[in-house]
Amino acid sequence: MKIAVSTQGNSLDSPLDPRFGRASGFVIVDSDTQEHTYVPNEQNMNLPQGAGIQAAQCVANAGAKAVITGHVGPKAYVALDRGKIAVYLRDGGTAREALEAFKAGSLAQAGGPDKDGHW
């Protein structure tokens, strides 16, 4: 399964980006092979609206079935949910630490957005 982690850089040791739609990018990790790639999100960072929806499309195009991020807004959550992409929230740490928490089962799946739009 591919997991997308919102990050402030392009490696597993990059800090988790607390934003989903306006994250710097996503480290996409294949949980079976541990191979990872980086997908930049620069095109969505400064959009006046729709950044979350566009970021959801970005991770869907990368084949992600789960997202780990700090926060997710309502439109992004709906887009991810419609794409059958599970959302997990985590505060701080690195992409690597977020993935370890996911694998250990210590991240609960989000049941909805945790932020209003445009934050």
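In this predicted model, helix H2 (residues 51-61) and helix H3 (residues 74-82) have axes that come within 8 Å and cross at roughly 30°. Angles under 35 degrees count as roughly parallel, and H2 and H3 are therefore roughly parallel to each other. Their crossing is right-handed. On the H2 side the contact involves Gly-52, Ile-53, Ala-56 and Val-59, which meet Lys-75, Ala-76, Ala-79 and Leu-80 of H3. By class, the residues of this contact divide into six nonpolar, one polar and one charged.

H2 also lies across strands of the sheet, namely E1, E2, E3 and E4. Relative to E4, H2 runs at about 130°.

The sheet itself is open and has five strands, in the order E3-E2-E1-E4-E5, with mixed pairing. Strands E3 and E5 stand at the edges; each has a single partner strand, so one side of each is left without a neighbour in the sheet. From one strand to the next, the twist averages 25°.

| Strand | Residues |
|---|---|
| E1 | 2-7 |
| E2 | 25-30 |
| E3 | 36-40 |
| E4 | 64-69 |
| E5 | 86-89 |

Strands of a sheet pair through backbone hydrogen bonds, either parallel or antiparallel. E2 and E3 pair in the antiparallel sense, over five bridges. Within E3, Tyr-38 is the bridge partner of Val-27.

Terms used:
Residues numbered from 1 in each chain as written. Predicted model: local features only at pLDDT ≥ 70, side-chain atom pairs only at ≥ 80, totals over all residues. Heavy atoms only, no water. Pairing = 2+ DSSP bridges. Helix = DSSP H or I, 4+ residues; strand = E, 2+ residues; numbered from the N terminus. Axes fitted to C-alpha atoms, helices over the stretch in contact; angles between N-to-C directions. Contact = heavy atoms within 4.5 Å. Parallel < 35°, antiparallel > 145°, perpendicular 65-115°, else oblique. Left-handed = near helix turned anticlockwise from the far one by under 90°. Nonpolar A, V, L, I, M, F, W, Y, C, P; charged D, E, K, R; others polar.
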